[in-house]
Amino acid sequence: MRPRLARALPAAASLALFLLALEVLAVELRTVSWPALRADLLDIPRARVVLALVLTTLNYLVLAGYDVLAFRYIGRALPRRRIVAAAAAAYAISHTVGFAMLTGASVRYRFYSRWGVAADEFPRVVFFYSVTFWLGLCALGGLSLALADPASLGAWSGYAGVGGWVLLVAVAAYLLATIVRRKPVRIGRVVLPLPSPALAVLQLLVSALDWALAGAVLYVLLPPGAPGLLAFLGSFLSAALAGMISHVPGGVGVFEGLMVLLLKPQWSAGQLLPALVTYRAVYYLLPFVLALSGLLIDEAHQRRAHLARAGAWLGAVAVDVTPRALSALTFAGGVILLFSGATPAEPGRLDVLGRVFPLGVIEVSHFIGSVAGAALLVVAHGLLRRLDAAYYAASGFIAVGMAASLLKGFDYEEASLLCAVLAALYTARAQFSRRAALYAAPFSAAWLAALAGGVTASVWLGIFAFRHVEYAHQLWWQFELRGDASRFLRSSVGAAIVVLVAGVWRLIHPAPHEAPDATAADLQDAPAAIALQAQTLPNLVFLRDKAMLYNDRRDGFVMYGVQGRTWVAMGDPVGRTADVPDLIRRFLERCDDGGGVPVFYQVGPAHLHRYADFGLTFVKLGEEARLDLHAFSLEGGHAARYRQALRRLGKDGCTFRVVPAADVPRIMTGLRTVSDDWLRHRAAAEKGFSLGFFDEAYLSRFPVAVIERKGHMQAFSNLWPGPERGELSLDLMRYASDAPRDIMETLLVHVIVWGKEQGYERFALGMAPLSGFERSPVAPLWNRIGAFLYQHGEPFYGFQGLRAYKEKFRPDWAPRYLAYAGGRHLPRVLADVSALIAGGYGRIFVK
């Protein structure tokens, strides 16, 4: 419960700030009417709007200078027009969608990775432009606060002055650090050298110019009587910072509310709001639409080019850019429909519609339009997760919204905007390929807050627009052509019910945190996928204790289990190498749907770079012994003990044979007897997940190697034959309590010899946990812990003894890793993986 509350608190705080901003606006606009506000908005001089557009264009060009300097910082040369286009698009989308570190970096990575920027260079680009962003904010904000007129700040003048000088000192400290510090900054594994002093000065100048231009866009839209630009920038930067801290996308509402409060001595809220609305459209919405159009054009161009690596170069984060932007655009479309339903229709257009259509058509269209808007708020969440069901639902609701817009008030502008959203969705159809139900993914706290904020804002707008109408119960049942207030009440209730039902449904039916059992169809398709790769480990899927996540062609899958909030994929994805990135992405999305922490357990080195592309980090678990069967021989001095074991087995009257899978059911009783005896005399319990357990259906799928004496079974092991006789391995190894000494070693040698005779290339002896760790005081903490346990944990597990036993066969050793999300998750992840294998936390330390 505590982690849930911790994750929900930021969203709740953002919603509270947004609602507080609406309340501030409501109080400040108490003397302003909706018709007056519309008239003031239309009365803004066109020259000022054109000047604001020019300043916005200049501002985005200066913003692109952040990235131009960043490429100089990393020592890479790219055509400036490319850098400017990518950076401007990144800022336009991140300004509106929010979460700049994710969305802005995603757009950049989409283009920069295609243009040759290496994976280790990109974090330095992000670091540089992020520092540049804050430099100008601190410098201009500090300067405006330090030099502000104390009379204008009232009781806050002393604090403001101190805060201003603190910001200026921070900027000076950074510039000084670039002069005196020669060592790079280390953030985890990323090494970030400080820029040269000259480059740092350019950072400061470009960033200051950027913020000054951003403020100037709003400044030129203000009514006459504005203070000096520097004094205005203090209020502007404070409101912008509050908007960023609130985590409300684009700071919408929070920025406007604070600007009204800070500029209240000069202008009333009614005078400021038209300028703020125009600023929002000019500086945020127009660049966002242009940037999204550019992304969609690029997407279409890439598809026409038939790039062989389409989707691979994008990386895990960059694949999410277009769905995230279209999700925001669809959400905005829903808000437009809600706002349209909350405001009066144009009287002239309404009169024309009244002469053409019955009143019932207008009433129903108004109600349906608001309901469709609320539905778009809900399904936009599915677009964020790239669900195909969300794509079709959003397309349908947009089409309904377009028709309703025309029929309820002939709002062709609104219908045109929705048509553009629909066209954008259609262009990016390929991005929405996940086949899952809309209700499969839970709403995050942030999305629930967004739903509540959207509906609340539309209700607030309706109350503001119809404040001149005295409330009466009869309004709910009043149906007339000019009954805009009545239609607003009914449509608001309809929209609220849609959102409330969606939210309650998600609370009552949360996404399952238990892995669903593999179906018969899943297991039937598994052999074909296993045959497309070289490992035998995927045969663990036939234990039926893991869920299976297939790709669309059902020739590749991820097998996984769930323990607590940890979702553990067993081994690398199974299937073609080319399908591995897609399967990793699908599993990460499935984890995100269920609110889980993704883990890939016991993966090989071949795909580590693919996990890194998705932002995962990895730690070493140990090393797997792999024996080259072509080189294996029982000849020579080193094999003397194996020859002796085989001869001793014969003297004891024991025989070895491999029972084909088809004949295994005939010996199942003997296998059961040996297995039960082994569990009893070893006081052991069955494991699972990464280790086999006795299951008749599982054992019947594979050949079984057995040693018998006088008709009684003494030991057995099921074999995993790999595809095309590449790899051979074994899983379950058990023996009777009265079996001859060293019978398991003899069984293993027999199986190796049999595999060599059958033409297999290698034999997998399994993993030696914690082996192969380098002992060094400068090694990461996990490596030092692993090396310590390997050396001193022999009484508890026998790490060194297991390694030494397998070393006798002179194998090659291959490292095995755990890939996870990084951070502080590792202790919990290791505990959950151990519990998943043992069958519960209480059985982790049971043999």
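1. A term to start with: a residue is called buried under 20% relative accessible area, exposed over 50%, and partly exposed in between, using a 1.4 Å probe and protein chains only. Leucine 58, at 40%, is therefore partly exposed.

2. Some background on the model: it is predicted, so local features need pLDDT of at least 70 and side-chain atom pairs count only at pLDDT 80 or more, while totals for chains, interfaces and linings use all residues. Residues are numbered from 1 along each chain as its sequence is written, and side-chain values use heavy atoms, leaving out hydrogens and water.

3. Leucine 58 lies in helix α3; helices here are DSSP runs of H or I with at least four residues, strands are E runs of at least two, and both are numbered from the N terminus. Helix α3 covers residues 46-74 and reaches 43 Å from its first C-alpha to its last. That is close to the 42 Å expected at 1.5 Å a residue, a span taken as 1.5 Å times one less than the number of residues. Glycine 75 follows α3 and has a positive phi, near 75 degrees.

4. Finally, a loop: histidine 607 sits between β6 (597-603) and α23 (608-613). Histidine 607 is buried, at 11% relative accessible area.
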